[in-house]
Amino acid sequence: MVRLTIDGSQIMVDGNLKVLDAAKKLGIHIPTFCDHPRLSELGACRMCLVEVEGMGKLQTACTLAVADGMVVLTDTPRVEHARKMMLEFLLINHPLECTVCDASGECTLQDFAFKYGSAETRFRGEKRVLRDHIISPLIDRNLNRCIQCKRCVRICDEIQGVTALGMSYRGAATVVGPFMDKDLDCEYCSHCIWSCPVGAITSRAMKQKVRTWELEKAEAICPFCSCGCTLLYNTRNNIVHRVTHAEGRGVNQGSLCSKGYFGYDIINHPDRITSPLVRDPEGSLRTATWDEALDTVAGRLSQILEESGGESIGGIATDRLTNEELFLFQKLFRVGFASNNIDIPSGVWSRAVLPVLEERLGVFAATNSMDELNYVNALLLIGCDITVASPIAGLKVKHAIQRGGLVTEITPKGTALSRLAKRSLVVSLGKELAFVKGLIKVVLEEGLYDEKAVGGHKRFSNLEFSVKGRDLKTIARDLDLTVDDIADTAREFASAQKASVVFGETAALQPGGQDLINALIDLMILTGKLGQEGCGLYPVITNTNFQGAVDMGVDPGRLPGHVPADSPSVRKHLEKIWKAKLPKAKGMNALEMIQAASDGSLKALYLVGVNPVASFPGGSGVTEALEKLDFLVVQELFLTETALRADVVLPAVSTAEKNGTLTSMERRIQRTQRAIEGVGHSMPDWRIFSQLGTACGKEVMKYVNAAEVLEEIAEVVPYYSGVSHRILADNGLQWPFSKEDAREIYHEGYLGTRHLLGDGLPSDKQRFAAVENWETISPDADFPMTLVLGDLLFHSGTFTRYSESLNKLASEATLFMNPQTGIGLDVPEGSAVRAISAQGEFSVRVAYAEELAPGVLFIPRHFANAPAGTLMVSTREGGTETAVVRVRVVKA
Amino acid sequence: MKILTRNIDRPNPAHIDSYLVNEGYVALPRALNEMKPEEVIDEVKFSRLRGRGGAGFPAGMKWDFASRDRRKPKYIICNADEGEPGTFKDRVLIEKDPHAILEGMAIAGYAVGAEYGFIYIRGEYPVGARILERAIAEAEKRSFLGRNILNSGFNFHIVVHRGAGAYICGEETALIESLEGKRGQSRIRPPFPVNVGYSNLPTVVNNVETLASVAPIILRGGNWYANIGTHECPGTKLYSVSGHVRNPGVYELPMGVTLRELVFEHAGGMRENRTFKAAFPGGASSACLDESELDVRLDFNSLAAVGSMLGSGAVMVLDDTADMVKVAHVLIKFFEHESCGKCTPCREGLFWVRRVLDAILEGRGTEADLDLLLDVCEGIRSTSFCGLGEASINPVVSTIKKFRHEYMAYIRGQSLAESSMEEAS
Ligand SMILES: Cc1cc2nc3c(=O)[nH]c(=O)nc-3n(C[C@H](O)[C@H](O)[C@H](O)COP(=O)(O)O)c2cc1C
Ligand code: SF4
Ligand code: SF4
Ligand code: SF4
Ligand code: SF4
Ligand code: FES
């Protein structure tokens, strides 16, 4: 700690701080342009000059370290003159087009010129005019407004790790832009836009649409993925005009990704459904009132319930809904229709993946927090393009790399991290297991295991036996890797203090994914990497509120809190509160429901925010199955392919238009708040469920607001016991939490449980699965290739198809393959092919990508031109999402 | 007195055999075999050798700082960027006595505990770069460089790196950035390169001439060297004399020679029928001296005392035909072009200063412009990030102060230069 004096006030501060920070603590404002708390120091703009006793020259407060006894003056005529001078310098070449500049109103140059500048300029003559051009469909650059603070350049490099921007040329001719001034090719994370203190980098999406000072800001949670980012909707007249970041807030601390920043145009999209639609006797959908629509739905469903029973009614809801909505959805079905036929599209995760974690570790979620990824010393990333699947978690991994963390990526396809990771190993699908077993082998042979952790293990010898079958050389050769690739990874992982494992859908959702997860858990137990800070197992599940949906019991076999549906005690408890008999038998999962519709046993289906026609496996069979239903209700924002086939369409709202809570991938329950009223006559999903329940005569479905639903959740859902808006406060709460602690000390920063297994692995879990297999996918002569269905960085499911902005970045699917594969198949780049699976086929154009393993194909799942989801083979767990499909590719 | 230029008149001077004839590579084995690294540093400290790159920082102190930093590896960088207009003395050493530089670097490496050296040479010296590369190969063959030098156990490797033409890359931290493959721009100091240099590791950056002075100091002792030149600025200095003198060229003289002696005794005096008007004693970025200052000594302290600087010792001499406004304009154009663009005052300010000088030269100036120029220049000087901006305005400020009437002539619509031209013809 050092003591210094600034403008006569003394302060004690940490010796690592800069004078600028110390002044801030004293509430003394020093104007700055180039400084940014999250970026490296630069000292370039010279706006922050201050006088320091004993130093002849003025000093930049942003770079000058505090020192004991230092005396700083920020308010002298010399300082004032210097500030005037800097502004005069900056303005001589500035175009002063505040009239049309989108930054006007929140431009630092404008503000400082007004506050510290001089009203006159002494510069005569012509300003420098730099030739400019459009560099991107979404990001506008205006060179002449640039003040060369390099915040955009530094943030792109230091925070986003992309380095898409740089400075070229020198002196007054210096320009900022992409390499060689080509088109911007980047992650569109938006950091550069909002870090620009002036209007030199702006969003084209809101170009001259609204003046910044007319906007109102409302904090909410991003609807597009499970990171659960905090963002600000900027609205005017019930229209969301842009999203801005909330600096220092939330898990993202202000960072966003392309979807969070640019995807808002879905909200006020002209194609939103604005009132309920009911199919008239002639067979066309016509506008209806809510009363009419809800009465129709309640009437038909009650009738079907009476005639055919609850088993004949099913519902599938998107896991983008809030906890309150998901809770009411399952309650509506269980209480209103006596049916357990409820599911989310990503149910395969809750039925195939999480149960492995539950069985092996006793947890039903990622063990650790996202934030801990920032500080890992070693990380195994298996089958997960984390930058795409979970952009903010991906950022944290990038930061770990910057801090010297050793990241090994095992992937069928190069990723944004390949360039940055210690090693990026392209391994064919199905062979990841051999790699992990190779790691276990090295750990065992070199004695790198954790004695303490391994001490009492009964199946230690089994584990040894399970990796005996192949020697390391053979494993390496088969994977097309070196022995060191495997051995060094194992050594780094075992010796790291903080070592974590992240796996994604191409690992978890392949046919033998459970074996792979088991082997990963074995590795973690063996090396003692569970149950402490920085040592975690993370399944990366992209779907926004997947965790909430599972917690709320939107599952044919589980009640709220992951409790099996036939648990007598819990059912009894719920029956008392809900005043209804709950169905006992396990319900149907999403695919079984489609199957049942097709064979006529399912009569009515209620789809909320899901579009099976475009994304469920089964190809045209799905459409046919839906047509066979007696009654189809679709609750949606848009008239999707599926909604067009509905008997009643109920207009729902986006996250921006409702209140509620969401649970992120790290078990963080967060509040999201309404920024605008529902578009047209649309209603929040929770209200629709509530009104429908009431219309079906269920008084227990009556709620006045979402908060009231949360109160009930707090009462009946394990892990959520005691949750309330008050204790969720600012940053939410990670379950499990102690409600006493939360109530007492929430304001002191109680955030719940950062990592599960805090007391180590329970002793009954201390054993190895000792997986016998070496491969997870067996060869199939008819379908020799593996097709990976994946996400693009710029899209989220099929939902973001409605974002015009995001469509500018990518709007069409192509089939990616290694050039070698392409040449082998005799399909040149750009040629059309047919991809055929056991379930169906589609045609698409080919693109070559070097970073794919031979024999592995990749296709984005978002677009209508290639509905890849329909190719999928239904898995035994009945998920409608799988990441890997066996296919054959032929020339079209 | 020939210390630095002792070898340059030999036939085939760059060849290692020519160097060996005259006690070449005698100092290095002596340091390696007979002296501890601290003793080498002490010897350089005794010599009071000051850096010849411009700032005149004591070389022994710099080495001492770097040697005290325990982190490894360390680096020696020879600054051969020689970008200051009017400077061409490093080139003579590079082309005519490359081994003197290499020997100095190896000794420096031994003294501070560095195993690697870089020579950052300006791109405009392709011949020099090739000569240095050949010299390195020669020295490696004879075990004066490379692994286990002369069986002493000491390793020292040198790599030549060619610059890409930016003046700012002569500034040591910008040089290091450029060497690391980044955009050549100065870094924040502190920390200084002696602690956080190349790859953020301890690094000594010395000018060519500084390093070439090392072997003679080790050979004859620091005290011998300290007795040459002036007390504060010992040793000999290579002065690059250019401009309107009869014999422009590089002159090695004891530090502290007067401007008069340099111009009139060594450089052959002014061109025929011309009289001395002004000189920039330290290159384009120094303040000019006028006739009344001919007796100023050309060393760091004496020049600083009259508000100018020795810099790299580039003495640009002008006679009575020189138009000082045009001189200032040409020089400021150089700096405007070379401003790296990082900081506001230098980037925008030099643009502005040049525009005002344009206006004056085109007859659109006013007397108020001179005050404006001085104010803007003071703004640039006092707030720029690095030495380039800080010093860039010296030619403008000094010519306005010493030759204000020439500016006034333009402002009033008459050209002094023109009239003196008429006179001459
Ligand atoms: C704008 C600028 C340009 C410079 N150019 C050179 C140069 O070309 N050669 C050089 O040796 N030093 C140059 N310097 C000085 C170096 O920064 C550094 O001080 C010097 O290389 C240290 O070596 P010395 O201690 O041996 O003088 C320059 C400094 C500035 C501010
Ligand atoms: S949007 Fe992000 S990745 Fe793209 S240039 Fe800006 S900061 Fe870099
Ligand atoms: S574009 Fe904006 S952020 Fe980037 S250097 Fe220019 S002013 Fe700074
Ligand atoms: S999509 Fe995910 S990472 Fe992107 S802003 Fe939204 S929550 Fe954050
Ligand atoms: S003073 Fe000039 S050269 Fe130095 S950092 Fe500033 S702009 Fe660059
Ligand atoms: S804020 Fe300090 S120099 Fe820019």
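This report walks through the contact between two chains and the surroundings of one ligand.

The model is predicted, so to speak of local features a pLDDT of at least 70 is needed, side-chain atom pairs count only at pLDDT 80 or more, and totals for chains, interfaces and linings use all residues. Residues are numbered from 1 along each chain as its sequence is written, chains are lettered from A and ligands numbered from 1 in the order in which they are written, and side-chain values use heavy atoms, with hydrogens and water left out.

**Where the chains meet**

Chain A brings 33 residues to the contact and chain B brings 35 residues, where contact means heavy atoms within 4.5 Å. Together they bury about 2,700 Å², 56% of it on carbon and sulfur atoms; buried area is the accessible area (1.4 Å probe) that two parts lose on being put together, summed over both. Of the area that chain A buries against chain B, 25% comes from Lys57(A), Phe89(A) and Arg170(A), more than any other three residues supply.

Four salt bridges cross this interface (a side-chain nitrogen of Lys or Arg within 4 Å of a carboxyl oxygen of Asp or Glu). One of them joins Lys57(A) to Glu390(B) at 3.4 Å, N to O.

**Around ligand 1**

Among the 18 residues around ligand 1, those that come nearest include Gly53(B), Lys62(B) and Asn207(B); a residue is near if one of its heavy atoms lies within 4 Å.

| Residue | Atom of the residue | Distance |
|---|---|---|
| Gly53(B) | backbone N or O | 2.6 Å |
| Lys62(B) | polar side-chain atom | 2.8 Å |
| Asn207(B) | side-chain N or O | 2.7 Å |

Note on methods. A polar contact is a pair of N or O atoms within 3.5 Å; within protein, one must be able to donate a hydrogen and the other to accept it, and residues adjacent in sequence count only if both atoms are side-chain atoms.
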